[in-house]
Amino acid sequence: MQELELNYPTTKGKVYSEEEDRYLLCRLNHYGMRADDVYERIKKDITEFPVFRFDWFFKSRSPQELQRRCNTLLGMIEKEAETKLEEIKVKGSSSRGKKRGIEELQKSEKVSRSSTPASATPASSAPAKRPYKKKKT
């Protein structure tokens, strides 16, 4: 969660901190988006969490405001993911050669391999051995 980078648009008035946004997303993930009273649960968690003990702005948000903020955050994450996907597509299409898949590589290896076994190679390709010398006794 620490790696998540959100591009905050410029807004007027009080805004949520990154720590608050991370907490909202973690709690939303914990309870699931489909839970009936997810935002009421998150509101309760905020009031009980010691890190936000003196954060009156965050503690005073209603469940509806928390829901709007979570929806905004999810939209921002979705846009970021789409942007990264587009960057990957652009980088992939701008490369010079076409990348081959693993299946194509395996097929080309089978075709290009020699059909002669390794033991049938000529002796000249083997490294020369020193002749064995007998010790004089």
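Q: What makes Asp 21 and Arg 69 a salt bridge?
A: Their closest N and O atoms sit 2.8 Å apart. The rule asks for a side-chain nitrogen of Lys or Arg within 4 Å of a carboxyl oxygen of Asp or Glu, so this pair passes. It links distant parts of the chain, with Asp 21 in helix α1 and Arg 69 in helix α4, 48 residues apart. Helices here are DSSP runs (H or I, at least four residues), numbered from the N terminus.

A quick word on the model. It is predicted, so local features need pLDDT of at least 70 and side-chain atom pairs count only at pLDDT 80 or more, while totals for chains, interfaces and linings use all residues. Residues are numbered from 1 along each chain as its sequence is written, and side-chain values use heavy atoms, leaving out hydrogens and water.

Q: How many salt bridges does a search of the whole structure find?
A: Seven. Among them is Glu 48 with Lys 44, at 2.7 Å between the closest N and O atoms. Both lie in helix α2, four residues apart, which is about one turn of the helix.

Q: Glu 65 and Arg 61 meet in a salt bridge too, but why is Arg 61 called buried?
A: Its relative accessibility is 17%. Buried means under 20% relative accessible area, exposed over 50%, and partly exposed in between (1.4 Å probe, protein chains only), so Arg 61 is buried. Glu 65, at 23%, falls in the partly exposed range. The N to O distance of this pair is 3.3 Å.

Q: Why are Phe 52 and Phe 58 called an edge-to-face pair?
A: Their ring centres are 4.8 Å apart, with 65° between the planes. Rings of Phe, Tyr and Trp (its six-membered ring) pair if their centres lie within 6.5 Å; planes under 30 degrees apart are stacked, over 60 edge-to-face, and the rest tilted, so this one is edge-to-face. Phe 52 is buried at 2% and Phe 58 at 0%. The rule gives six aromatic pairs, and ring pairs link Tyr 16, Tyr 23, Phe 49, Phe 52, Phe 57 and Phe 58 into a cluster.

Q: How do you know how many disulfides the structure holds?
A: A disulfide is a pair of cysteine sulfur atoms within 2.5 Å, and the structure holds zero. As for the cysteines, Cys 26 is partly exposed at 36%, whereas Cys 70 is buried at 0%.

Methods
Helix = DSSP H or I, 4+ residues; strand = E, 2+ residues; numbered from the N terminus.
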